[in-house]
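User: Could you walk me through reading a few features of a structure? I would like the general idea, then the case at hand.

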Amino acid sequence: MTKAERRNWTPQGKSLINVSCNLCQSSDHKLLAIENGLKVVKCRQCGLIYVTPQPIQEELKRFYAQYYPEVSEELWYLAMHRLFKADAKRIEKVLGRKGKLLDIGSGFGHFLVMMRERGWEVAGVEPSKLAREWAIKKGLIVYEDRFEDVKPPKRDFDVITAWFLLEHVPNPLGFLKKAYSLLKKGGYIFVRVPNIDFLSIFFFLRRFERFNYMKILLRKLRRDTTDENSLFYAIDPPAHLFGYNKGTLKAMFKAAGFEKIKVINEKMVYRGTMLNHFIDYGIYFVAECLRFLSLDHLCLSPILTVWGIK
C-alpha cells in the first residue's frame, strides 16, 4: 500500500476462487509465500508466479472502486511524469509516426494528455469513477467498463498501452488477446510491470522479518509503502495477482499472437527522497550492466517494459 493507492482490503470465503496457471493452464504449482492471507505460488510447468485463490470479479470491482484516494491525482503525476515522457519518445520511435492510441488503466489521464499534446488521437479505459471523472474533465474520452468488456466503435488502434496493469488483471492472457484484436495490423502494444525476478528477494528477506534492523532498512528502501505488513511482500495481493519476469512476459505475449517481442529494464517511478532516487538509479545501472554482460539475457531491474507487434 502506498499514499497513492488503497490496497488494505482482502476478500474472504465465497468471494475467492481457485485458479490454474493463466499461461499454460497447469494446476501443478509450489507455494512461495502467503501474503495478505492469500497464497502466492509458482507454476512448476512454465514458471509463472500467481495468486490462488483469487477474488471473484465482483470483489475486484469493489476493490478498484476505492483504489484511488481522493487526493492522489498529483501524487500519480509526480510519480509517473518522467517515465511517461520516455514512453512517448520510445513509442514514436518504434512506430515511426503519430497515430491512434488506447491507454488501458488510464487513471487520471496524465499519459493521455501528454500524448494528445504531441498530436495523437487518444482514448482510455478506467474502472475507477474518481479517476475517470478527473480524466473526462480534461476533455478525454475514457471508457468506464472493464477492458475485457469495452467495445470501441472501431478496432483500429495503432498503439495500446498498459502501464502497471497486467499484474492486476485476473486473466492477463485474455487481456492481451483482446488488445491484439483491437490493434491494426502492424500496431504495437506497450506494457510495464514489476519484475518478479527482482522482487523475489523479499521471499528470502521474510526469514528475517522478526529482526527490527531489517524492518528499519526496508522502511528506508520502500519509503512509498505505508503498510508495515507489506514491507516484505513481493506480490501484495489482491492489488497484484501475478508476478512476471522476462521469460514469462515473452511467453505470454507470444501466446496472445504478438511478434518481435522486446523486454527491457526500466527506470523506477519517482518516489521518496534523494536517497531513494540514488538507490533506484544504482539498481537500474547494475541491472543494465548485467544485461550487457549476459548478452541481453538477464533483465533484473525492479521494473520491466515490454512491447510487441501485431
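Analyst: Let us begin with C299: at 3% relative accessibility, C299 counts as buried. Buried means under 20% relative accessible area, exposed over 50%, and partly exposed in between, with a 1.4 Å probe and protein chains only. This is a predicted model, where local features need pLDDT of at least 70 and side-chain atom pairs count only at pLDDT 80 or more, while totals for chains, interfaces and linings use all residues. Residues are numbered from 1 along each chain as its sequence is written, and side-chain values use heavy atoms, with hydrogens and water left out.

User: How many disulfides does the structure hold?

Analyst: A disulfide is a covalent bond between the sulfur atoms of two cysteines. The cut-off here is a pair of cysteine sulfur atoms within 2.5 Å. The structure holds 0 disulfides. C43, for one, is in no disulfide, and its nearest cysteine sulfur, that of C24, is 3.5 Å away. C43 also counts as buried, because its relative accessibility is 3%.

User: Which residues of helix α4 are buried?

Analyst: An α-helix has 3.6 residues a turn, so residues three or four places apart point the same way. Helices (H or I, at least four residues) and strands (E, at least two) are DSSP runs, numbered from the N terminus. In α4 (residues 129-137), the buried residues are A131, R132 and A135. They sit on the same side of α4 because they cover an arc of only 100 degrees around the axis, taken from the directions from the helix axis to the C-beta atoms. The face turned away from that buried side carries the exposed residues K129 and K137.

User: What do the buried residues of α4 pack against?

Analyst: They pack against β8 (142-143), where contact means heavy atoms within 4.5 Å. Just after α4, G139 takes a positive phi of about 85 degrees.

User: How many residues of strand β13 are buried?

Analyst: In β13 (residues 303-309), 7 of its 7 residues are buried. I303, T305, W307 and I309 point one way, whereas L304, V306 and G308 point the other way.

User: Which strands pair with β13?

Analyst: Two strands pair if DSSP finds at least two bridges between them. Strand β10 (residues 183-194) pairs with β13 in the antiparallel sense over 7 bridges, and Y188 has I309 as its bridge partner. Strand β12 (residues 259-266) is also antiparallel to β13, over 6 bridges, with I264 standing opposite T305.

User: And how much of the whole protein is buried?

Analyst: Buried residues make up 54% of the 310 residues.
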